[in-house]
Amino acid sequence: MTKQNEKIINSSVKMLIISEDESGQRIDNYLLAKLKGVPKSLIYRIVRKGEVRVNKGRIKPEYKLQTGDVVRIPPVRVAEKNDASISKNLNKVAALENQILFEDDCLIVLNKPSGIAVHGGSGLNFGVIEALRALRPEARFLELVHRLDRDTSGILLIAKKRSALRNLHEQLRVKTVQKDYLALVRGQWQSHIKVIQAPLLKNELSSGERIVRVSEQGKPSETRFSIEERYTNATLVKASPVTGRTHQIRVHTQYAGHPIALDDKYGDKDFDKQMNELGLNRLFLHAFSIRFEHPKNGETLRFNAPLDHQMKAILQKLRESK
């Protein structure tokens, strides 16, 4: 009998055969996708206890599935979740539909608004992926190809097939994907700063907050910059990351002495106050352009995501005050 405040995610033993599209992924990631709403800790527990089996044998969480594998998934019960968070965000879910720039059977290209995390987690139980799953309940597979910080807006790729995810990850690995961002930074960007190569080290504070800094012990990181427009006390720059480190553009601009407007981790309070007074209340970092090859037919695709109304209005005010 189900206990009060418990929800059955999987009511009976299931035997699932792995398709070619599903092969190559770890069993723990496969189970997380199949048993939506089940915490990672419970996934690991049922694998460790041998309740999950592949081809009738025990496996480890890092086991990589092969085409034709038979996976046994046991019945799973989890604590009932309060759905208020999703209903509270229904307007955001509906608004995301209008931000889809392109969609086919392989992928979705989304113009992500600022203020929405790509994934529920870190104290958030609602993100882009959760919203898209609510919008596309029939979709068997929806996974992020890459990430954007919560406060960064712009182009985000979501794969609708595992084969598309693998292909796009490979394109990212060999650096054939071209991503360009627009950032409004403090002061007059110096024309000679065209490339910043500064290694980045990620630190996690006791609160769980991530802070990144330039350090010799860090990972090699490179961003290319060009000036788009100059204003009296600010510059609009185009930033093209060659590597994809956490907070890379934000830390590299700070390192150059030109932090991004309204950056609560790496910004400048006086500059932020000036931009605030002009009506800016979000990080001015926007992934405005991407170029990559379609994972199925190899066609070169390029997408541009327009700036939101607030960003356009701020730039217009800065032009007028020159």
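Buried means under 20% relative accessible area, exposed means over 50%, and partly exposed lies in between (1.4 Å probe, protein chains only). The model is predicted, so local features need pLDDT of at least 70, side-chain atom pairs count only at pLDDT 80 or more, and totals for chains, interfaces and linings use all residues. Residues are numbered from 1 along each chain as its sequence is written, and side-chain values use heavy atoms, with hydrogens and water left out.

**Exercise 1.** Find how many salt bridges the model has.

Solution. Start with the rule: a salt bridge is a side-chain nitrogen of Lys or Arg within 4 Å of a carboxyl oxygen of Asp or Glu. Side chains of opposite charge can pair when their charged atoms come close. The count by this rule is 18 salt bridges.

**Exercise 2.** Work out which parts of the chain aspartate 105 links through its pair with lysine 161.

Solution. Check the pair. Aspartate 105 and lysine 161 form a salt bridge, with the closest N and O atoms 3.7 Å apart. Now place both ends. Aspartate 105 is in the loop between β6 (100–103) and β7 (107–112), and lysine 161 is in the loop between β9 (153–159) and α6 (162–173). They are 56 residues apart, so the pair links distant parts of the chain. Helices (H or I, at least four residues) and strands (E, at least two) are DSSP runs, numbered from the N terminus. Last, check accessibility. Aspartate 105 has 37% relative accessible area and is partly exposed. Lysine 161, at 27%, is partly exposed.

**Exercise 3.** Is lysine 296, a salt-bridge partner of aspartate 105, buried or exposed?

Solution. The side chains of lysine 296 and aspartate 105 meet at 3.1 Å, N to O. Lysine 296 sits in the loop between β16 (285–293) and β17 (300–304), 191 residues from aspartate 105. Its relative accessibility is 57%, so lysine 296 counts as exposed.

**Exercise 4.** Describe the surroundings of aspartate 149.

Solution. Begin with the record. UniProt, in an unreviewed entry, places the feature "active site" at Asp149; such annotations may be inferred rather than shown by experiment, feature names are shortened, and positions follow the numbering used here. Next, list contacts, meaning heavy atoms within 4.5 Å. Not counting residues up to four places away in sequence, aspartate 149 touches Lys112, His247 and Arg250. Arginine 250 also forms a salt bridge with aspartate 149 (2.9 Å, N to O). Arginine 250 lies in helix α7 (residues 248–255) and aspartate 149 in the loop between β8 (143–144) and β9, so the pair ties together parts 101 residues apart in sequence. Arginine 250 is buried, at 6% relative accessible area.
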